[in-house]
Amino acid sequence: MDDMVVYLNGEFIPYSEAKIGIEDRGYQFGDGIYEVIRVYDGKPFALREHFERLTVSAREIELTLPDVSALERDALELLRRNDAKDCAIYIQISRGVTPRKHVIPFGLAPTVIMTAREAARYAPEVRFKGVKAITLPDDRWARCYIKSTNLLPNITAKLRAERAGAYEAVYLRDGFVTEGTHSNVFIAESGVLITPPLTNYILAGVTRTYVLDVARALGVPTREESISAERLAAAGEIMFTGTLTEIMPAVVLNGAPVGQGQPGPVFHRLYPKYLAVATGQESF
C-alpha cells in the first residue's frame, strides 16, 4: 500500500506520505462529502454523473468545491499513475483544517483526497446464489440525499446485518422502505421493476438511475412508488444496487425466502445488460 499514489490537495504523493491535520473538520465533525466511482479496465464508469452528484452534495452543505473539471482530470491522472485497471476511485472533500469550533470560518480551504484501490468483487456464485437481508428502523438524519461522510447509523446498521448473517439491512421509515445501508432497493412484482421515489431520505444513486434505464431499454416495465414493509416481504424479487454492489439479488428477508428463494427472472435480465453497459461493451 505504501507505494500507492494518492491525491491530496492538488498533489500526487505516496500513500505513506499523505497526512491530514488533526483538526480537519472532516475528522472532528464529519463535515465533508464523498463519492465512489467504479473503474472497469482503466475506464471510470459514470464519472461525470458522480462529479455532478458531488457538486450537489457540496452545494447542500455550503461547501465551496475546487474546480470540478480539474478534479475530473486529476482523477484520471491518479488512475494512470497507479496503473489502476479494475478499481474504485474514492473522493472525499472536507471543509478543511481549523481549530475546533462549531462556527464555520470564512474562506476555509477544503481538504481534497482521492485514492484508487482495487475494487471489492463478488464471486459469481455469490451473486447468482443471492444474499440475505434484514429490515431495520431508519434512524438517520433527514438529509440522506446528501452523500455525507456522516455514516455512523449506516455502519452500525451494517454491523447488525452482518451479525444476523445478512449482506444488507433495508431501512424502514414509518413502515415504508427508504434504502439500504449502502444501496438503493428495488423489488419486482409480476415482471415490473419498482423502487421508492426519491425523497430527502434516499440518495439519488447513480447506479439506481442506470438500472432504471437498462430496464427500460430491455422493455422491463418500471415504476417509482412507495414500498411498504408488507409489500417488500411479499415481493417476488428484491435487489440492491450501488456503485460497487452493481445489482445484487436478495433471496432471504428476515429469515423468510424471497419469492422462490433464488434470484429471479428480472435480475437475470438486468444484470448482464447493466454489466455490459458499465464496462463499455454495450450502450442503450
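This is a predicted model: local features need pLDDT of at least 70, side-chain atom pairs count only at pLDDT 80 or more; totals for chains, interfaces and linings use all residues.

**Rings, charges and a strand**

Mentor: Y271 counts as buried, at 9% relative accessibility. Buried means under 20% relative accessible area, exposed means over 50%, and partly exposed is in between, with a 1.4 Å probe and protein chains only.

Trainee: OK, how many aromatic pairs does a search of the whole structure find?

Mentor: Nine. Rings of Phe, Tyr and Trp (its six-membered ring) pair if their centres lie within 6.5 Å; planes under 30 degrees apart are stacked, over 60 edge-to-face, and the rest tilted. Y122 and Y167 make an edge-to-face pair, 5.9 Å centre to centre with 75° between the planes.

Trainee: Which parts of the chain does that pair link?

Mentor: Distant ones, 45 residues apart: Y122 is in the loop between β6 and α4, and Y167 in the loop between α5 and β8. Helices (H or I, at least four residues) and strands (E, at least two) are DSSP runs numbered from the N terminus.

Trainee: Is Y167 buried or exposed?

Mentor: Buried, at 12% relative accessibility. The rings of F267 and Y271 are a stacked pair, with centres 5.7 Å apart and planes at 20°. Both lie in helix α8, four residues apart, about one turn of the helix.

Trainee: Back to Y167: which charged end sits over its ring?

Mentor: That of K158, 4.7 Å from the ring centre. The rule is NZ of Lys or CZ of Arg within 6 Å of the ring centre and within 35 degrees of the ring normal. R38 likewise has its charged end over the ring of Y40, 4.2 Å from the centre.

Trainee: New topic. How many of the residues of β13 are buried?

Mentor: Six of its six. E237, M239 and T241 point one way, with I238, F240 and G242 pointing the other. In a regular strand, side chains alternate between the two faces of the sheet.

Trainee: And what are the neighbours?

Mentor: β10 runs antiparallel to β13, joined by five bridges, and β14 also pairs with β13 in the antiparallel sense over five bridges. Strands pair if DSSP finds at least two bridges between them. F240 is the bridge partner of V185, and F240 also stands opposite M248 in β14.

Methods
Residues are numbered from 1 along each chain as its sequence is written. Side-chain values use heavy atoms; hydrogens and water are left out.
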